[in-house]
Amino acid sequence: MGWIMTDEFRVLSPTAILGYGFPESSFRKGMERKPHLIAVDAGSTDPGPYYLGAGKAFTNRAFVKRDLRYMLREGVKNNIPVVVGTAGGSGASVHLEWCRQIVLEIAAEEKLSFKMGVIPADVSKETVKKALGEGRITPLACVPELTESLVDETTYLVAQIGPEPIIEALKAGCNVVLAGRCYDPACFAALPIMLGYDEGLALHMGKILECAAIAATPGSGADCALGILKKDSFILEALSPKRKFTCESAAAHTLYEKSDPYHLPGPGGAINLENCSFTDIGDGRVEVRGSRFEPTPRYLIKLEGARSIGYRSISIAGTRDPIMIGSIDQILAEVKAHIKEMSPEDDRSEQLFFHVYGKNGVMGQLEPLATTSSHELCIVIEALCPSQDEADTLCSVARSTLLHYGYAGRISTAGNLAFPFSPSDIKMGNVYEFSVYHLMDPAGEELFKPIIEDI
Amino acid sequence: MKRSILEAAKVIRSKNAGPFELTFDIIFKDREYFELFKSQNIVNPELIAKLYKIDVSDVLGIVWFAPANAVKATIKRPLASGAPGETDIYGAQQHAPLLEIEF
């Protein structure tokens with residue numbers, strides 16, 4: 001493709017996360033605006049460590065395919081590049097391959113042919129351990145120090161790649177780019193940066209477009225947005241008559257999910273918004289100016305990894321007994337002690353959790369209210385053990401002990417719990433936690449290269 | 001007489017800022033309320049620590065963000081998202097104590 005810098009560069013972002021869907025009418029309206037790029041963010045760490053650790057997608061395959069079909073059909077037919085960031089949700093090779101298979105299916109079904117660049121974002125354990133040994137790894141805020149054993153236990157280890165490998169794929173003539181774990185704005189910003197547009201504006205626009213219409217009002221995670229990048233500003237436009245961008249909605253989105261709205265760090269630098277302005281230019285459009293990219297002295301990348309910490313079983317039950325509710329904390333503590341007493345050699349009290357909805361099930365230790373005024377409580381019994389068998393056993397014993405526990409003042413002696421389901425216990429399978437969330441200085445090593453194929 | 005923050009704010013929310021931090025946004029109804037809260041420094045680390053029964057040192061920052069008429073407070077997550085004992089993976093339902101703020 002012969003690229004030239006035009007007066008404006010239009011980017012269509014169909015949906016907040018690939019697989020969340022969008023109305024066909026909004027997508028069509030976006031296509032009528034003749035976008036130069038169709039890009040979508042497909043991932044997040046928000047759904048928790050399981051999806052990265054287990055190598056599973058958190059989005060639904062049928063709906064990812066549905067969204068991608070629109071994007072690929074229109075993109076390939078009209079020679080508009082399609083870029084997907086953090087393919088498969090968590091962006092490790094296994095997720096990337098999951099997404100690639102969907103693309104191949106669509107290409108076959110729709111008889112599309114194109115050049116595709118696939119960019120793995122995995123970082124080898126050897127590379128990370130070497131960096132650790134050389135002092136090139138630093139934890140992000142509130143994250144424990146990394147150790148070699150944490151690296152060894154990590155199942156999937158990825159880095160948030162910047163725009164550079166995407167640019168490399170686009171320069172090689174790819175019409176479709178699937179990136180592994182990717183800094184959210186990069187899939188939107190790579191092509192305009194390559195064409196010479198301002199990096200700060202391109203990345204800030206990407207930061208807003210990655211959530212598509214969530215940044216409009218009323219917000220929606222399942223609707224399209226258009227970004228129009230110019231030499232010294234960018235414009236945001238909603239594509240459904242139901243919504244519009246306002247200065248407040250765009251500015252408020254800048255706060256979303258980050259700790260400092262003025263400085264948004266990413267690979268190689270940060271977007272500085274200290275002098276950023278939002279102007280309402282009518283028709284539900286907002287123009288943004290003044291966003292600057294400030295490179296850091298060293299190009300750092302963020303690593304993400306998760307490791308297995310055991311297996312979970314749960315049981316869900318309720319109580320409607322005011323005497324039990326009145327001393328629920330005491331009763332649950334006694335049940336834990338009783339279970340410990342039954343197998344003193346094998347203390348599992350640290351592996352047993354009671355989630356008490358109606359009291360502090362939502363906020364846990366952050367809950368400021370000490371007592372509950374609820375007439376009923378839901379108790380989720382959770383056992384988290386090294387194996388599924390052990391978790392099943394602990395969950396079962398906790399459930400039966402609590403069901404028949406003779407707490408002080410009890411007058412309802414037939415059973416303490418109401419179970420909505422039989423079987424009452426549910427195997428939840430493997431449990432993961434984030435084991436790596438650190439910055440790495442790759443010391444100039446080029447870690448991420450597109451693999452190019454003709455489809 | 002003290003007034004409820006609900007008179008002054010149109011958005012009060014919580015969310016993960018990455019798996020290790022929890023961030024709170026209060027978006028005021030207009031610039032006047034924003035300026036009032038900011039000039040009186042009503043949202044401060046001590047208040048957040050008190051509302052959530054945490055150490056002031058676990059309040060990582062308070063940022064007043066004029067473009068959105070908003071103030072943001074960020075705290076250390078009691079547990080990393082998804083760690084054993086987790087109650088709210090996305091951190092999206094931790095805002096209620098902020099509704100008690102008065103001015």
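Predicted model: local features only at pLDDT ≥ 70, side-chain atom pairs only at ≥ 80, totals over all residues.

Reader: What makes up the contact between chain A and chain B?

Author: By that 7 Å cut-off, chain A brings 39 residues to the contact and chain B brings 39 residues. On the side of chain A that touches chain B, helix H10 (247-255), strand E16 (352-357) and strand E18 (425-440) each supply at least two residues. H10(A) gives the most there, with five residues.

Reader: How many residues on that side of chain A are nonpolar, polar or charged?

Author: There are 25 nonpolar, eight polar and six charged residues on the side of chain A that touches chain B.

Reader: Which share of chain A is called buried, and why?

Author: A residue is called buried because 20 or more other C-beta atoms lie within 10 Å of its own. Of the 455 residues of chain A, 49% count as buried.

Reader: How is chain A divided into domains?

Author: The domain assignment gives domain 1 (9-304 + 436-454) and domain 2 (321-417) of chain A. The C-alpha centres of these two domains lie 43 Å apart. For scale, the C-alpha trace of chain A spans about 80 × 50 × 50 Å along its principal axes.

Terms used:
Residues numbered from 1 in each chain as written. Chains lettered and ligands numbered in written order. Contact = placed C-beta atoms within 7 Å. Helix = DSSP H or I, 4+ residues; strand = E, 2+ residues; numbered from the N terminus. Nonpolar A, V, L, I, M, F, W, Y, C, P; charged D, E, K, R; others polar. Buried ≥ 20, exposed ≤ 12 C-beta atoms within 10 Å, placed from the backbone. Domains from an automatic or database assignment.
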